[in-house]
Amino acid sequence: MSLKAFKKKGRFYKGNIHTHSNLSDGRLFPDDVCKAYIDRGYDFISITDHFLGMFNYPLTRIKSNFKDFCTIPGAELHTSKMKNGELWHILALGLKENFTPPNQPSFLIEDNSESAEKLVSRCLDAGAFVSLTHPEWNGLTLEDTNDIQNAHAIEIYNHSSAIECDRGYGLAIFEQMLNKGKPINIIATDDAHFQTSDAFGGWIMVKAENNNAIDLLESLKKGEYYSSQGPDIFDISINNNELSVSCSSVECVIVSGYGSSSLYKKKPEIKNIVFQIGSLPKNKWIRVTIVDKSGKKAWSNPVFDY
Ligand SMILES: [Zn+2]
Ligand SMILES: [Zn+2]
């Protein structure tokens, strides 16, 4: 049986769902951000400007009507503080204009601002796809994640954090969450501000019937997508104890499971490969990583029923 992203009807659409424009601290006008991504062959983006009073709590819209290109309304919300005293950064896609801001005037910590738990809960109630962002950059801990119930995803890769401060990954905390029995998916994003070369490094491939915000959001919430820095995953299927991967040409395929368990195969130009996964712990989680010859990776979402 193929994993749901590959079993679902439709086609894969390429998108970046974490981007900033000059309506917050990005360099480009929103429509120019879209043009940059269209020129690179993307199908959709979400411009997620910082949802702060100093920027008038933007839910950024574009003026142009770009053919065959979708923008999902979204924002990067901030409130309160994490256990280490850093401001929360939370990505929410699919918010409506009437979403009540969390009284967060600026990037400075407000002692009386809304709790992150409550803010995330309001986003989920509003129908948003909610993600925790750049966990390595701002030092998100497992204890912090206990306060956030039911976020859909966490960034496994944030290109801007990787380029600018070598804190781009989120793998350790993501797997700790899974090991704790907390199901969550992953996203790779740019977090592009276009102040540096921080675009086109991490994206998601979402399977949907149509390239519109409703269909894309539905697929995102169901986990019907994978994340990438370069390679493509065409299919992952599990039958009995056999896991098969079909992908663009890579040099290494890894199947990771609960705790420190994993399986690994490396050889030139892998396009199809099969693993016997009977040795991995049962009834926990497994996920697939592929690595191409330049070291670029793609990641599946975790699977729990195998
Ligand atoms: Zn952020
Ligand atoms: Zn950001």
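Helices (H or I, at least four residues) and strands (E, at least two) are taken here as DSSP runs, numbered from the N terminus. On this basis the secondary structure of the protein chain comes to 8 helices and 16 strands. The model is a predicted one, in which local features need pLDDT of at least 70 and side-chain atom pairs count only at pLDDT 80 or more, whereas totals for chains, interfaces and linings use all residues. Residues are numbered from 1 along each chain as its sequence is written, and chains are lettered from A and ligands numbered from 1 in the order in which they are written.

The C-alpha trace of the protein chain spans about 55 × 45 × 35 Å along its principal axes. Its radius of gyration, taken over C-alpha atoms, is 19 Å, in agreement with the value near 19 Å for a compact globule of 306 residues; the globule rule is 2.2 Å times the number of residues to the power 0.38. Of the 306 residues, 48% count as buried, a residue being buried if 20 or more other C-beta atoms (placed from the backbone) lie within 10 Å of its own, exposed if 12 or fewer do, and partly exposed in between. Two residues are in contact if their C-beta atoms lie within 7 Å, and among contacts between residues at least 6 apart in sequence, 66% join residues at least 24 apart.

In helix H8 (residues 213–222), the buried residues are Leu216, Leu217, Ser219 and Leu220. Seen down the axis of H8, these residues fall within an arc of 165 degrees, so they line one face of the helix; the arc is that of the directions from the helix axis to the C-beta atoms. Just after H8, glycine 223 takes a positive phi of about 75 degrees.

Strand E11 (residues 225–228) is covered on both faces, with Tyr225 and Ser227 buried on one side and Tyr226 and Ser228 buried on the other. In a regular strand the side chains alternate between the two faces of the sheet. Two strands pair if DSSP finds at least two bridges between them. Strand E10 (residues 203–208) runs antiparallel to E11 and is joined to it by 4 bridges, with valine 206 standing opposite tyrosine 225. Strand E16 (residues 297–299) is also antiparallel to E11, through 2 bridges, and here serine 228 stands opposite alanine 298.

Phenylalanine 6, in helix H1 (residues 4–7), counts as partly exposed because it has 18 C-beta neighbours inside 10 Å. Not counting residues up to four places away in sequence, phenylalanine 6 touches Asp235 and Ile236.
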